[in-house]
Amino acid sequence: VHPVIFQLYKSFCVFVLGAALVASRSVFGLEPTYLFSWWGIFSAGAWIPAGLATIVAVPRIGVGSTVLLTSSTASLLSFLVFWLVFGEAVRTHKLTPHGTPLILAPLYIVGMVLGMGGLVWAQQAGGRERIAEEAAALACSAEIECCCAAMSPEPSVRTSLELSDRLTPRACAVADDECCGVKEPPP
């Protein structure tokens, strides 16, 4: 499904849910039934591109990294907007009853950004090995296919390629030997 179509589906579902909630307030006689706010328009204007970016990001960096980045970014932006735009007071803490007040918000921001970056880096670092293995398997598959085409005019010989789309180096050697007619076991 194209990301724009999926985003339209999500937006339609949110609209239906919102309309149902407004209708339920009307049925139960709750006031105000509906209260317009320009912040809702602004929020929707930011939500749609963010939803599209999330849908596009999942196939590229994975669900885990996408959810990590979107939720951490939302938390950080919420904190900064309520603190800097709406003027919410930052909570102070005291380690002892008569101690100096401490503001821990900067530590929260630094910890969140470092944690977010560390988790994404750790996942991507592990992904480099997987990408290298998949690239080797694809190269192996291409070599086997060329070998099969050169050694046998029969298409039935190529069926060994369809057994697995991810070959380990040892399986690659075995498949290559079998495909090319070499009967010796690999070392």
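## Where α2 meets α3

In this predicted model, Thr54, Ala57, Val58 and Ile61 of α2 touch Val63, Ser65, Thr66, Leu69 and Thr70 of α3. Touching, or contact, here means heavy atoms within 4.5 Å. By class, that contact holds five nonpolar residues, four polar ones and no charged ones. For the classes, Ala, Val, Leu, Ile, Met, Phe, Trp, Tyr, Cys and Pro are nonpolar, Asp, Glu, Lys and Arg are charged, and the others, Gly among them, are polar.

How do the axes of the two helices cross? The axes of α2 (residues 38-61) and α3 (residues 63-85) come within 7 Å and cross at roughly 135°. That angle makes α2 oblique to α3. Axes are lines fitted to C-alpha atoms, for helices over the stretch in contact, with angles from 0 to 180 degrees between N-to-C directions. Under 35 degrees is roughly parallel, over 145 roughly antiparallel, 65 to 115 roughly perpendicular, and the rest oblique.

## The chain as a whole

Stepping back, the chain has six helices and two strands. Starting at the N terminus, the order is α-α-α-β-β-α-α-α. These elements are DSSP runs numbered from the N terminus: helices are H or I with at least four residues, strands are E with at least two.

Of the 187 residues in the chain, 16% are buried. Buried means under 20% relative accessible area, exposed means over 50%, and partly exposed is in between (1.4 Å probe, protein chains only). Among contacts between residues at least 6 apart in sequence, 55% join residues at least 24 apart.

The largest pocket holds about 600 Å³ of space. It has 23 lining residues, with Ala46, Trp47, Ala50, Ala74 and Leu77 the closest to its centre. α2 and α3 are the elements that give two or more residues to this lining, and α2 gives the most, with 11 residues. The lining of the largest pocket divides into 14 nonpolar, eight polar and one charged.

The second largest pocket has a volume of about 510 Å³. Its lining counts 16 residues, and Val14, Tyr34, Gly40, Ile41 and Ala44 lie nearest the centre. Here the elements giving two or more residues are α1 (3-27) and α2. The lining of the second largest pocket has 11 nonpolar, five polar and no charged residues. As for the method, a pocket is an open set of points on a 1 Å grid over the protein atoms alone, where a 1.4 Å probe fits, with protein on both sides within 12 Å along at least five of seven lines; lining residues have an atom within 4 Å of a point. Grid points are joined across faces, edges and corners, and a volume is the space filled by probe spheres set on the points.

## Residues to look up

Ser72 sits in helix α3 and counts as buried because its relative accessibility is 11%. Leaving out residues up to four places away in sequence, Ser72 touches Met112 and Met116.

Gln123 belongs to helix α4 (residues 105-151). Is Gln123 buried or partly exposed? With a relative accessible area of 38%, Gln123 is partly exposed. Its contacts, not counting residues up to four places away in sequence, are Ile61, Gly64 and Ser65. The C-alpha atoms of Gln123 and Ser65 are separated by 7.5 Å, although the two are 58 residues apart along the chain.

Pro32 is in the loop between α1 and α2. The peptide bond from Glu31 to Pro32 is cis, with omega near -10°, whereas most peptide bonds are trans.

## About the model

Residues are numbered from 1 along each chain as its sequence is written, and side-chain values use heavy atoms, with hydrogens and water left out. In this predicted model, local features need pLDDT of at least 70 and side-chain atom pairs count only at pLDDT 80 or more, while totals for chains, interfaces and linings use all residues.
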